[in-house]
Amino acid sequence: MDSHAARTASKVFGGRIRGSTMGAFLHGRVTYELMAEFWPTADQDPSSTAPMVEFARIWRDMPKIAYSRTLEKADWNTTVVRDVVPEEVMALKAQPGGDMVLGGADLGATFLRLGLVDELRMYVHPVLIGRGKPLFQPSDTRIELRLAETRTFGNGVVLLRYRRPEGSAT
């Protein structure tokens, strides 16, 4: 995992999770594998910052769902689910335990297409990489969003938080 991204994720999510109603991480396979490669032992790395150590502990303990048709098993309090079934996701959302954080471009596109996203948080990093998977895939569906928050972090990362308007499909 890129150290800039790791430091930002740990600061942002550590602060968001601490004292909040965070319930689970939902990852696509690629995102899960990237996270599982870095975070389980990040708190043991002497170069990790205090927020990184905190987030490593949070990530290890937090329930996770990895959506994958190929992943055979997953560790670190993770359940592998083969397909996104809207009724199952709605049942998860209805359970007590807090917000679910969704990670992965393909999984995010699927959740958006199925109307399962209530809030969209985009972290814009001051890095141009020139290639990669687009965040939003081509779609004929228009999704109305309202800006709920912006925040600029000291390292130049900008949070853009959007919510669906009241009464729109979820």
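**A guided tour**

At 40% relative accessibility, D106 counts as partly exposed. Here buried means under 20% relative accessible area, exposed means over 50%, and partly exposed lies in between, with a 1.4 Å probe and protein chains only. This is a predicted model, in which local features need pLDDT of at least 70, side-chain atom pairs count only at pLDDT 80 or more, and totals for chains, interfaces and linings use all residues. Residues are numbered from 1 along each chain as its sequence is written, and side-chain values use heavy atoms, with hydrogens and water left out.

Stay with D106. Its salt-bridge partner is K133, and the closest N and O atoms are 3.2 Å apart. A salt bridge here is a side-chain nitrogen of Lys or Arg within 4 Å of a carboxyl oxygen of Asp or Glu. D106 sits in helix α5 (residues 105-113), while K133 sits in the loop between β5 (119-124) and β6 (146-152), so the pair ties together parts that are 27 residues apart in sequence. Helices (H or I, at least four residues) and strands (E, at least two) are DSSP runs, numbered from the N terminus. K133 is exposed, with a relative accessible area of 56%.

Other charged pairs follow. The structure holds 13 salt bridges. One of them joins E33 to R29, with the closest N and O atoms 2.8 Å apart. These two residues are four apart in helix α2, so about one helical turn separates E33 from R29. E33 is partly exposed at 32% relative accessibility, and R29 is partly exposed at 31%. Another bridge links D75 with K73, where the closest N and O atoms are 3.5 Å apart. D75 is partly exposed, at 42%, whereas K73 is exposed, at 59%. There is also a network of salt bridges, which links E119, R121, E149, R151, R161 and R163. Side chains of opposite charge can pair when their charged atoms come close.

Now turn to the sheet. Four strands form an open sheet in the order β3-β2-β1-β4, with parallel pairing. Two strands pair if DSSP finds at least two bridges between them. β3 (78-81) and β4 (99-103) stand at the edges with a single partner strand each, so one side of each has no neighbour in the sheet. From one strand to the next, the twist averages 20°. That angle is taken between axes, which are lines fitted to C-alpha atoms (for helices over the stretch in contact), and angles run from 0 to 180 degrees between N-to-C directions. Four bridges join β1 to the parallel strand β2 (residues 64-67). L26 has I65 as its bridge partner in β2.

The loop between β2 and β3 holds W76 and also N77. W76 has a positive phi of about 60° although it is not a glycine. N77 is another residue other than glycine with a positive phi, near 65°. W76 is partly exposed at 36% relative accessibility, and N77 is partly exposed at 45%.

Next, the nonpolar interior. A nonpolar core is a set of buried Ala, Val, Leu, Ile, Met, Phe, Trp, Tyr and Cys residues joined through side-chain atoms within 4.5 Å. The largest such core has 16 residues, and F25, Y32, W39, F55 and W59 have the most contacts inside it. The elements giving two or more residues to this core are β1 (22-28), α2 (29-38) and α3 (50-61). α3 supplies the largest share, five residues. A second, separate core has 12 residues, including L26, I65, Y67 and L116. In soluble globular proteins, nonpolar side chains tend to be buried together.

F38 lies in helix α2. At 22% relative accessibility, F38 counts as partly exposed. The C-alpha atoms of F38 and A56 are 8.6 Å apart, and the two residues are 18 apart along the chain.

On a 1 Å grid over the protein atoms alone, a cavity is a set of points where a 1.4 Å probe fits but cannot get out; a pocket is an open set with protein on both sides within 12 Å along at least five of seven lines; lining residues have an atom within 4 Å of a point. Grid points are joined across faces, edges and corners, and a volume is the space filled by probe spheres set on the points. The second largest pocket holds about 300 Å³ of space. It is lined by 14 residues, of which A109, L112, Q137, S139 and I143 are the closest to its centre. α5 gives the largest share of this lining, five residues. The count comes to one cavity of 30 Å³ or more. The largest cavity holds about 40 Å³. Its lining consists of L112, V117, D118, E119, L120, L145, Y162 and R164.
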